[in-house]
There are 4 protein chains.
Amino acid sequence: MKRITILINCNDKEGIIANTTNFIHNNNGNIVYIDQYVDRENGIFFMRLESEFKKDTFFLSNFKEQFKKSIAIPFNMSWEVYEAGKKTRVALFVSKYDHCLYDILGRYNSGELNAEIPFIISNHPDLKPIADSFKIDFHHIPVHKDNKKEAEARQLDLLKKENIELIVLARYMQIVSGNIIAHYPTSIINIHHSFLPAFVGAKPYHSAYKRGVKIIGATSHYVTEELDAGPIIEQDVTRVSHSHSINDLVMKGRDLEKIVLSTALKLHLERKTMVYNNKTVIFT
Amino acid sequence: MKRITILINCNDKEGIIANTTNFIHNNNGNIVYIDQYVDRENGIFFMRLESEFKKDTFFLSNFKEQFKKSIAIPFNMSWEVYEAGKKTRVALFVSKYDHCLYDILGRYNSGELNAEIPFIISNHPDLKPIADSFKIDFHHIPVHKDNKKEAEARQLDLLKKENIELIVLARYMQIVSGNIIAHYPTSIINIHHSFLPAFVGAKPYHSAYKRGVKIIGATSHYVTEELDAGPIIEQDVTRVSHSHSINDLVMKGRDLEKIVLSTALKLHLERKTMVYNNKTVIFT
Amino acid sequence: MKRITILINCNDKEGIIANTTNFIHNNNGNIVYIDQYVDRENGIFFMRLESEFKKDTFFLSNFKEQFKKSIAIPFNMSWEVYEAGKKTRVALFVSKYDHCLYDILGRYNSGELNAEIPFIISNHPDLKPIADSFKIDFHHIPVHKDNKKEAEARQLDLLKKENIELIVLARYMQIVSGNIIAHYPTSIINIHHSFLPAFVGAKPYHSAYKRGVKIIGATSHYVTEELDAGPIIEQDVTRVSHSHSINDLVMKGRDLEKIVLSTALKLHLERKTMVYNNKTVIFT
Amino acid sequence: MKRITILINCNDKEGIIANTTNFIHNNNGNIVYIDQYVDRENGIFFMRLESEFKKDTFFLSNFKEQFKKSIAIPFNMSWEVYEAGKKTRVALFVSKYDHCLYDILGRYNSGELNAEIPFIISNHPDLKPIADSFKIDFHHIPVHKDNKKEAEARQLDLLKKENIELIVLARYMQIVSGNIIAHYPTSIINIHHSFLPAFVGAKPYHSAYKRGVKIIGATSHYVTEELDAGPIIEQDVTRVSHSHSINDLVMKGRDLEKIVLSTALKLHLERKTMVYNNKTVIFT
C-alpha cells in the first residue's frame, strides 16, 4: 500500500468534502483518516486526509495532476500532498543549553522522528561533543555584531547544500535573520520559555518570578518576522509556588521546553499543522 | 437552515466516507463538521457528521428513509440521526451530596445544557429545597432492603411517564437496578469519585489516602451491569500530597466530580459520544 | 483545646524560629503546623504557625500582649493572630454571570466555607432570585457614569454596617472605586478570566482566540489600584484547540473561573495567604 | 558556611519543634528551611530542617553526638543528618529502552543532579553505546532463569565495590532480587508505566487502551518486596483519546516516564522524601 496525506485549505463552499472524498474513491483510494475544520468567522475550510492506494497502480505525479485539475483548481485550493514515510530534512540550531538537543536526538536515535538530521549549527562550540556522540555534523558559526551577514551566508549555504526543509531552534539564543525567515516560511520552529503571550522577551522566568505567577509555561511556535509572535503550535504549563527560586523555575521550565518542542516537531513532521492568519490548525 | 447530526458505525470498508458525503451533497446538504475514526484492531468504522439543509425542502423522515436505503443498509450500519436543538429529556438521581446537583442545575438555569429536566429522584429528602429553588419536581423514593422492587417500579413509572431519555446519577448512593439499566442502555451516566480503574468501590478517597497517591481523579461513565466498569466518557485529575487529610481529598474530589460529570453530560447531549465493546469514541 | 493561627513576616534574622517556637512552648502551647519561607533575594522571613492551647488557661488578649513584647517587637515583626473557627464576614459583588455565585453559595450552604455572608451587592437585578433561594440579602446598586459617588457611598455604608472583612468580586463587571480599595487592602478578591499577565483587560477570550493559544486560564488576585495587576492568589488552566469557538472558550473558562475563585477564597479564609511586594506567599 | 539537612520522625509529642530549633540556635546554627508534618491518624511527627553553621566552628561528628544526646534520644527519634553538596553514589539499571537513560544522563551531564554515577548495569548489551558516549562504565549482566543467583552476585559485588547508595531502575525489565531489595531499603527507585494502582503488571498501556481510559500516567516508587506496591514518590498524567493507538500511548507514556523518574530521583537526592507505613512524605 502507498499512503499519502493531503492538506487543503480554501474558501468554504458546499460540496468540498463530497467532491474530494469522491475523487479519492474514484481513483481507487481508501480514506483512512479525515480531519476537517471550518473557520466560520473567516469562512475558511481546512482538511487533512490520509488515503491508501494500491502500490502498483498509483503514481504520485499522475495523481497530483488529476487532483489539481478536478478538485484544487475548481475550488481554488491551497493544497499539498505528502508521501507517508518520506523523511523531512531537518537542521537543528543550538547555543549552550543542551536539554532540548538531548531530547530531540534521543528521539531521533530511537526512530521516533520521521526526519533526517544531517547537521547541527551553533553559535557556540560547547555542544559539539553531544553532536559527536550522536555522529551528527556540527558547524560552529559564531554570530556577533560585525559578522552577521557573513554568518547568515554560511548558514544559508549549509541549509541549501543539504536541502534542509525544516529548521528547529532548540534554544538557539540568537535572532534568526529576516532573510532566512523569508526562505523558510512556516518552516522554522522555535521554543519560547514562557506561556506566550505572557512574558515575551529575553528573561521570562525572571518576569514570572517577579509577577508571582502560580503556573509557568513553554510555547512552541513558527518563527515570523515579529519576535515571539508567530503562530503557536503547542504549549504546556506546570505549577510553581512562591517557594521556587528563579533557578527552580528555570529547571522546571526546561522539562516543559523539551517536551513541548519535541511535540511540536512531531506534529509538523506528521503534517498535522496548518497555518493561516497567524494561527494554527493542529489536527491531533 | 435545519441542522442534523448523524452518528454511524459499521465494519470498515472502502468508500464509506465518499458514499456518505456524496449522499448528503446530492440531497442538497452542506457538511459542516465531520469526525471520523477507524478502530484498526477490530476493523470498525465510526463517523459523526453535522450537516445543514434548507428548511423548506428538507423533511427528516424522508431523509432518513432515503439514507437507510442508499447508505445504511448497503454498508450494514448502526446509525442514528438527531435534529439539532431538540432537547433531550433528562432525569437526575441524587442522594445527599449537593455539589453535582448545584453544578448541573446552575448550568441548566443559564441555558448551557440542551436538555429538559422534568424531575429529580432521590432516596433521601435532604436536597428537596434545592429542587424547589430551581422549580423542579422532586420525588423522594426511599430504597431499602425490603422495598427494592417497589422503589424500582415507582422509578420506572416516573421515567416512562415523562419520556425520560437519559438518567444522570449525580452522586446517587444506590446501585441502580438491572431492570432500569436494561431499559436505558448507554443512557445512564454515573460519576465515580476516583480515577477508574484505580479504587473501584465505595470509599475511593480512603483508599487513595492509604495508598499515598500523588494524584486523585474522577471518572464519568455509562452504567452497565458490572459495577464501576462501564465505558468511560470523561476523566480528570488533580494533585494531592501527604499533607492532605481524607477530608481534604473529599473536598478536592468534589470539584473534580462536578466538572467531570457536567462535561460528560454535555458531551452526551451534543451527541459526541459513541460506545462499542465497552469503550467510548468521544468526538471533541 | 483552643487553636490559633499566627502569621508573621519580618526581616530575616537568626533565631526567629527558635525564639518563636520556644515562646509558644513556654506558654504551654503545642505547635500543630509550621510553614515557613525566606525570600532570600529581599531578605524577608515569613511564617505561619498553628498552635493549640488548653482552653481554661489560655486568654487570647493576654497571649497577644506577651507575644508582642517578647517576640514581635524585638524582631520588628508584622504579625496577626487568628482564632480558628471564627468566621470571616464576606460580601459578594456580582453582575449578571451566575456561575461563580452558584459555586460559592453551594459551598457556603454545605458548610465548606469558614465565612458568614450577610449580603450580595449587584449593579444589576438579574441574580436576585438566586440570592433569594439561598436566603441572602440582595442589594441592587446600579452604577453608571453619573452616580458613581453615590453608589460607592451606598456600598461603603452596607459594608460598614455589616462589619464586612472581605469582599469577593464574583464576576462583578465594574471597577471597584479607589476609595473602597483603600478601605480593604488585600481584602478584595477578584477573578480575572485569563491566565494573567496574558490578556489583561475586558475581552480575554476574544484575545486568546485571536492569538490562537492552546491553553486558556483564570487568575484570582487581590485587587489593587492598578487594574489586573494585584498579587496572584491562584491560577488554573485548561487545554483548547483551533476547533473551539469563542463561545466554547467562554464556557470552558467559566469552569475554571468558579473553581479558581472558590479556591482562592478558601485559602484566604484559612489564613494561608500573605502578601508582600505585590506577590503572595501561599501556604498550602 | 556549612549547610546540613536533618530528617526526623518520631511519635508526636509536645515540644519537639521548640526543642529542636532551640538546639540548633544554641549551637550557633541558622535555620534556613523548616518543613514539618504530623500524621494525626497515626500520631507520627515528621520534620525536615536545613540549617547553616559557620565553617570554622562546626564539626559534623560533634554536632551529631550532641544532637543524639540532647534531642534524638529524649524524643526517641529516627533521624539522619546530610551534608549539603555531598554527592550520592547512584547506579543505573537499564534494559533496552533508552528514553529514561538519556534523560537522566543529560541532566547528570549538565550538573542538575547532586549525584555520582559510576556505572550502568544492563541485562542487554543494546544501550552500551549511550553509556560510552557519556563515558560511564557499562556492565552487561544477562539474567535468565538459570543464572539468577550468579547475576545477583555480580550485581551486588559491583554495588558494594563502588559504595552505591541508591539504585535507579530506568525501565529495567527484570524483577530485582529480594536480596538486593533487602540491602537497599527505600533506596531503589523504579518507574512504573501507569498511574498506580491502576494497571499493575507488565503491559499497562495495553490494559489502558482496552479499558478506554482518557488519561494515562506514570508512577515512580521505592521498590519493596511486593511488586508495584512500594511507596509512591511522584506521579504524573496526560490526556489521551480513543484515537490514540497503543503505540501512541507508549510514546506519550515515555514522555511521562522520563520526567516522573527524574523528578523522583531529584527529590531523593535533595533528601526531600521520607517513608513510613508504605507511604511517602514528600517535602517540596
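This is a predicted model: local features need pLDDT of at least 70, side-chain atom pairs count only at pLDDT 80 or more; totals for chains, interfaces and linings use all residues.

Trainee: Good. How many residues does the contact take from chain D and from chain B?
Mentor: There are 32 residues from chain D and 32 residues from chain B in that contact.

Trainee: And what area is buried between them?
Mentor: About 2900 Å² is buried between chain D and chain B, with carbon and sulfur atoms giving 55% of that. On the chain D side, Arg211(D), Lys214(D) and His242(D) lose the most area to chain B, and together they make up 26% of what that side buries.

Trainee: How many salt bridges cross the interface of chain D and chain B?
Mentor: The rule finds four. One of them links Arg239(D) with Glu234(B), where the closest N and O atoms are 3.5 Å apart.

Trainee: What about polar contacts there, how many residue pairs?
Mentor: The count across the interface of chain D and chain B is 18 residue pairs, both residues being at pLDDT 80 or more.

Trainee: Which element gives the largest share of the chain D side that touches chain B?
Mentor: That is β11(D), with seven residues. At least two residues each come from β2 (30-39), α7 (204-211), β11 (232-239) and β13 (279-282) of chain D.

Trainee: And by class, what does that side have?
Mentor: The side of chain D that touches chain B has 16 nonpolar, six polar and 10 charged residues.

Trainee: Switching to rings: how many aromatic pairs does the structure hold?
Mentor: Over all chains, 46. Take Tyr37(A) and Phe46(A): their pair is stacked, 5.9 Å centre to centre with 25° between the planes.

Trainee: Is Tyr37(A) buried or exposed?
Mentor: Tyr37(A) counts as buried because its relative accessibility is 4%, under the 20% cut-off. Phe46(A) is buried too, at 0% relative accessible area.

Trainee: Now Phe134(B) and Tyr102(C), how are they arranged?
Mentor: They form a stacked pair, 5.3 Å centre to centre and with 25° between the planes.

Trainee: Where do those two residues lie?
Mentor: Phe134(B) sits in the loop between α4 (128-133) and β7 (137-140) of chain B, and Tyr102(C) is in helix α3 (residues 99-109) of chain C, so this pair joins two chains. Phe134(B) is buried at 10% relative accessible area, and Tyr102(C) counts as buried at 7% relative accessibility.

Trainee: Last one: which residues form one aromatic cluster in chain A?
Mentor: Phe23(A), Phe53(A), Phe58(A), Phe63(A), Phe67(A) and Trp79(A).

Technical notes. Residues are numbered from 1 along each chain as its sequence is written. Chains are lettered from A and ligands numbered from 1 in the order in which they are written. Side-chain values use heavy atoms; hydrogens and water are left out. Contact means heavy atoms within 4.5 Å. Buried area is the accessible area (1.4 Å probe) that two parts lose on being put together, summed over both. A salt bridge is a side-chain nitrogen of Lys or Arg within 4 Å of a carboxyl oxygen of Asp or Glu. A polar contact is a pair of N or O atoms within 3.5 Å; within protein, one must be able to donate a hydrogen and the other to accept it, and residues adjacent in sequence count only if both atoms are side-chain atoms. Helices (H or I, at least four residues) and strands (E, at least two) are DSSP runs, numbered from the N terminus. Ala, Val, Leu, Ile, Met, Phe, Trp, Tyr, Cys and Pro count as nonpolar, Asp, Glu, Lys and Arg as charged, and the others, Gly among them, as polar. Rings of Phe, Tyr and Trp (its six-membered ring) pair if their centres lie within 6.5 Å; planes under 30 degrees apart count as stacked, over 60 as edge-to-face and the rest as tilted. Buried means under 20% relative accessible area, exposed over 50%, partly exposed in between (1.4 Å probe, protein chains only).
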